[in-house]
Amino acid sequence: MRLRFQVTRRLEPSASMVFFVSVLSLLLAFLVSGLLFAFLGISPLEAYRVFWRGAFGSLYALSETVKRMIPLAIIGAGLAVSFQASVWNIGAEGQMLIGAIVGTWVALFSPLPPSLLLPAMFILGFLGGALWGAFAAWCRNRLAINEIITTLMLNYVAANLVLYLILGPWKGKTVRGFAYTDPFPQEVWLATIGTTRVPLMTFLFAFLAALFCYFLLTKTTFGFELRVVGRGEKAAHLAGIPAQRVVALVLFLSGGLAGIAGVGEVSGIHHMLRHPAHISLGYGFTAIIVAWIARANPLGVLASAFLFGALMSGQDALKVAFGIPFQVMYILNGLVLFFLIASEQLLYYRVTLRVAPWGEKEDECDRVLD
Amino acid sequence: MKRFAVGVLLVFLLCFGFVALGNTQETKIKAGFIYVGPIGDFGWSYAHDQARRIVDDTYPWLETVYVEAVPEGEVEGVIDRLINQEGVDIVVTTSFGFMDGTFSAAQRYPDKIFFHCSGFKRAPNMATYMADFHQVYYLNGVIAGALTKTGKLGYVGAFPIPELKRHINAFALGARRVNPNAEVLVRWLQTSWYDPAGAKEAAESLIAEGVDVLAFTEDSPTVVQVAAEHGLPSFGHYSPMYKFAPNFVASGQLVHWEAIYFDFFAKVYAGLYTPKNLGNVDYWWLLREGAVELGADFGMPINPVFEDQLKSTIVNDPVYGEISVYDLVFALLKAMADPEYAFSPFTGPIRDRKGNLRVPEGVRLTMDELITMEWAAEGIVGAWPGEPE
Amino acid sequence: MSAIGFWISGVVGRTLAYSVPLLLSTLGEIYAERSGILNLGVEGLMSLGAFSAFAVTFFSGNPWLGVAVSGVVAGCASLVHAFFSVTLRTNQVVSGLALGMLGMGVSGVLGRDFEGKVLATTLPVFRLPFLSALPGFEKHNVFVYVSLGLAVILWFVLFHTRWGIVIRSVGENPAACDAMGVNVTLVRYACVFFGGVLAGLSGGYLSLGYRPSWSYGMTAGVGWLAIALTIFAFWNPFWGMVGAYLFGILYHFSFRFQAQVSPELLNTLPYLFPLVALSFVSRLAARRKVGPPASLGVPYQRGSS
């Protein structure tokens with residue numbers, strides 16, 4: 001008789017396990033971050049306090065968290081759909097910017113009456129981002145070009161387009177020659193919730209987008225089709241699913257959602273078009289992480305977007321309170337991510353100790369499906 | 001030395017003012033500085049932070065905090081935190097892109113004072129300030145015009161906005177004063193203010209076109225280093241860049257934001273500036289006020305390595321007659337730093353490169369015309385986005 | 001030299017110098033991905049390499065030591081990613097991104113005190129006897145020559161040596177390799193480490209040769225471009241080299257031709273070229289079944305197929 005470690009694999013961890021383990025990993029990440037703060041000469045407890053207060057401690061703090069969560073959730077929901085189809089849309093930054101450009105055009109240069117401006121901004125912004133994404137689909141379907149490279153390169157093209165516009169034909173008349181457009185008319189400034197700076201419309205839309213994507217993935221045929229495509233074009237082909245069309249629609253959707261996020265930023269936060277980096281703020285890339293952490297589940301995206309919004313918000317408070325180097329944020333984020341994915345393994349594997357008879361063979365792969 | 005003297009003077013004034021006005025202010029004032037870039041950039045944000053430290057160290061009643069790398073759309077959130085979390089009384093926002101955010105924060109916090117750099121919106125509790133280089137660039141141009149052998153000067157600019165256009169124009173005007181056929185070849189980066197790879201390749205491409213003196217606006221000493229690698233003179237930008245190439249940095253533009261900060265904070269402390277009377281407070285400080293300085297390093301207007309060459313280059317100047325370029329630089333410097341502002345680089349007649357008369361004879365450009373300048377002076381070669389017809 | 005010759009020499013020379021970091025990082029990533037591990041943290045590894053090279057050279061005065069350290073530091077950092085991807089079998093995308101973030105953050109925080117500092121000695125520039133006769137090759141940093149040579153060598157190794165076959169097979173079918181006695185874990189660790197070393201070296205070149213200095217962000221997105229170029233190159237070091245140099249040429253042109261063409265348009269050309277080039281060859285490659293290593297991004301565990 002002897003003791004043996006047996007590693008068994010779980011098929012699908014329960015939601016409560018996911019939650020518990022995620023929280024545990026976050027706590028561990030913060031513990032390690034405490035060492036980092038100590039290294040920088042800041043009391044870890046003080047740092048935690050400031051962080052907590054900055055992310056959740058007041059209505060204001062929560063609003064700052066939510067403000068950042070919104071674009072992450074909108075884009076993340078679309079990316080979740082995309083990733084489930086194994087379509088790697090790395091171009092959310094560019095799609096966001098295209099949405100912002102289209103929205104700017106509607107707000108400043110279109111002949112529409114004021115009451116139609118806002119809806120037009122969102123609809124056309126969606127279309128702009130969607131077409132930008134669909135172009136990558138076309139490149140993949142017709143030209144067999146990997147969408148990773150297409151979407152990534154198109155990010156740069158979109159950024160340069162913004163620069164061209166704000167330095168050239170769209171440069172504002174009221175901005176003394178600086179690289180901005182004129183401010184948008186008041187009609188398209190998104191109304192905010194109370195005294196916070198959270199735009200109400202996009203806040204609601206974030207939830208709508210997540211719900212819609214979840215519904216699409218789990219309850220529709222299309223969702224089923226795209227998940228099959230996610231397993232491989234061969235599988236889709238065998239099942240008679242038009243993979244190319246699915247890929248196109250998926251990029252159309254995720255690009256469009258990124259476009260809406262872009263419209264939301266320019267009409268809710270900036271009220272003008274400015275330097276691309278200051279508009280997209282890396283949301284397009286952070287949303288990739290948000291979607292991955294949520295395991296490409298659109299509802300989970302809401303939680304991970306909230307997490308990242310809290311991280312950004314709390315880190316802001318830290319920046320202001322301690323004047324720490326802003327690069328500390330990257331270390332914190334990196335730690336959180338590492339702990340989250342390491343803890344994932346805990347979810348999928350269960351280690352048990354059991355008493356085994358002598359004769360039992362040592363087996364390298366002890367996989368017992370639950 | 002000069003800025004320290006100014007500081008001491010102001011402190012002295014302050015004590016006197018404190019007593020004289022029966023000051024009932026708090027004993028400490030807290031100011032929060034918001035930078036758009038990292039303070040390690042050795043450019044714009046670095047210079048503001050250096051000034052902050054100087055002012056913080058000099059005024060015992062002043063306490064400062066700073067936040068770096070704040071994206072333009074986030075400034076309001078940071079202002080909120082500075083005021084509510086840190087309890088600052090004065091918020092200093094150091095980038096044009098913060099203007100609208102600062103303005104709306106000024107409406108929301110009518111008891112706090114806001115100080116915005118390079119903008120044009122003001123409020124009873126929001127003042128603006130700027131230290132401009134166009135005079136210094138003119139002098140750099142005079143030096144460059146004398147140093148160049150090929151007659152081609154190079155300029156690497158980040159973004160084609162009026163501030164840079166004004167500086168390049170001043171540079172060109174100065175160069176052509178001593179070298180009427182000098183050309184200024186311009187290359188734009190248009191990626192970001194900090195782009196060392198772009199700056200390097202832009203400088204290299206200029207040198208490949210025959211440029212032999214370089215100036216630039218970009219937040220790193222890359223152009224200086226590239227020029228030095230080719231053995232060419234250059235002009236440092238913003239921070240003292242002499243140390244990066246001691247034999248090749250001929251001169252440069254240096255900024256002393258602390259001159260403005262000394263003045264403003266002292267006046268706030270003394271009660272002269274309150275959250276009610278800032279509506280017309282706009283600093284447009286130049287050589288005269290000590291906000292900018294000609295030099296490769298502090299206290300080094302012209303690099304000694306180039307002195308002999310400049311002293312032996314004689315020109316026939318319309319105003320000063322037969323004069324060495326070296327003496328001309330200092331004569332012009334004196335004239336521009338004169339309290340009566342005896343000389344302005346943008347005094348007419350000045351034509352743009354398309355032949356239009358931009359400044360009539362005997363007229364000086366106003367500050368408004370300076371800060372909205374889009375045209376290109378004669379001698380400038382290259383792309384010029386936004387050039388008027 | 002004639003005007004045209006001068007012009008060509010200038011373009012080639014600048015391209016060679018500029019493309020080094022892109023080339024090295026791409027070569028490293030190609031090897032890592034060929035073994036089946038996706039490493040998205042190249043940018044952070046480059047930054048770590050650049051910073052450590054600068055710091056070491058600053059204190060020791062020896063740039064070669066700095067170069068060595070840059071490779072070692074980044075290689076060791078990439079082992080973290082290897083651990084998470086090969087041993088723990090976690091999500092490679094997030095692991096790579098997290099590593100990249102850590103790299104950027106650590107180099108940024110530690111590098112604060114080094115910004116604005118000047119190096120007394122930097123990497124030397126020299127001529128090679130026969131090569132310097134070619135236009136553009138007159139005088140270059142050692143990295144330029146090494147990276148060019150390395151590209152050719154790595155291409156050869158990957159496609160014409162046993163090591164290369166092992167690496168490629170591990171990337172295509174790790175289970176079969178495992179069954180044949182190949183230590184998949186070791187191969188993958190080694191390739192990820194190698195990729196990290198090259199990324200670190202490319203960063204070291206930036207801070208010691210290309211632009212001797214340190215400032216946060218000096219890697220300027222080259223790491224991400226390397227990841228894209230890996231795909232563009234169809235995981236082949238030769239095409240990776242071609243891609244890196246073509247990108248460099250176009251980047252150089254974006255400054256040379258500003259007087260004639262709008263700067264914004266020129267700035268997009270380097271990024272459009274991979275798409276344009278691929279539009280001609282991708283279908284051909286697909287028909288020939290040239291694509292990513294089959295197990296790229298998929299953790300291998302014995303017992304699963």
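Contact, in what follows, means heavy atoms within 4.5 Å. This is a predicted model, in which local features need pLDDT of at least 70 and side-chain atom pairs count only at pLDDT 80 or more, while totals for chains, interfaces and linings use all residues. Residues are numbered from 1 along each chain as its sequence is written, chains are lettered from A and ligands numbered from 1 in the order in which they are written, and side-chain values use heavy atoms, with hydrogens and water left out.

I'll begin with chains C and A. Their contact takes 43 residues from chain C and 41 residues from chain A. The buried area, meaning the accessible area (1.4 Å probe) that two parts lose on being put together, summed over both, is about 3,800 Å² here, and carbon and sulfur atoms give 76% of that. How many salt bridges cross the interface of chain C and chain A? Zero, by a rule that asks for a side-chain nitrogen of Lys or Arg within 4 Å of a carboxyl oxygen of Asp or Glu. On the side of chain C that touches chain A, the class count is 26 nonpolar, twelve polar and five charged residues. In that scheme Ala, Val, Leu, Ile, Met, Phe, Trp, Tyr, Cys and Pro are nonpolar, Asp, Glu, Lys and Arg are charged, and the others, Gly among them, are polar.

Now chains B and A. Here the contact takes 36 residues from chain B and 35 residues from chain A. The area buried between them is about 3,100 Å², with carbon and sulfur atoms giving 55%. There are six salt bridges between chain B and chain A. In one salt bridge, the side chains of R176(A) and D368(B) meet at 3.9 Å, N to O. The side of chain B that touches chain A divides into 16 nonpolar, nine polar and eleven charged residues.

Last, chain B by itself. It has twelve helices and 17 strands, taken as DSSP runs numbered from the N terminus (helices H or I, at least four residues; strands E, at least two). Its radius of gyration is 21 Å, close to the 21 Å that the globule rule gives for 389 residues, so chain B is as compact as a globular protein of that length. That radius is taken over C-alpha atoms, and the rule is 2.2 Å times the number of residues to the power 0.38. Along the principal axes, the C-alpha atoms of chain B fill a box of roughly 60 × 40 × 40 Å. Buried residues (under 20% relative accessible area, 1.4 Å probe, protein chains only) make up 66% of the 389 in chain B.

Technical notes:
Buried < 20%, exposed > 50% of the residue type's maximum accessible area, 1.4 Å probe, protein only.
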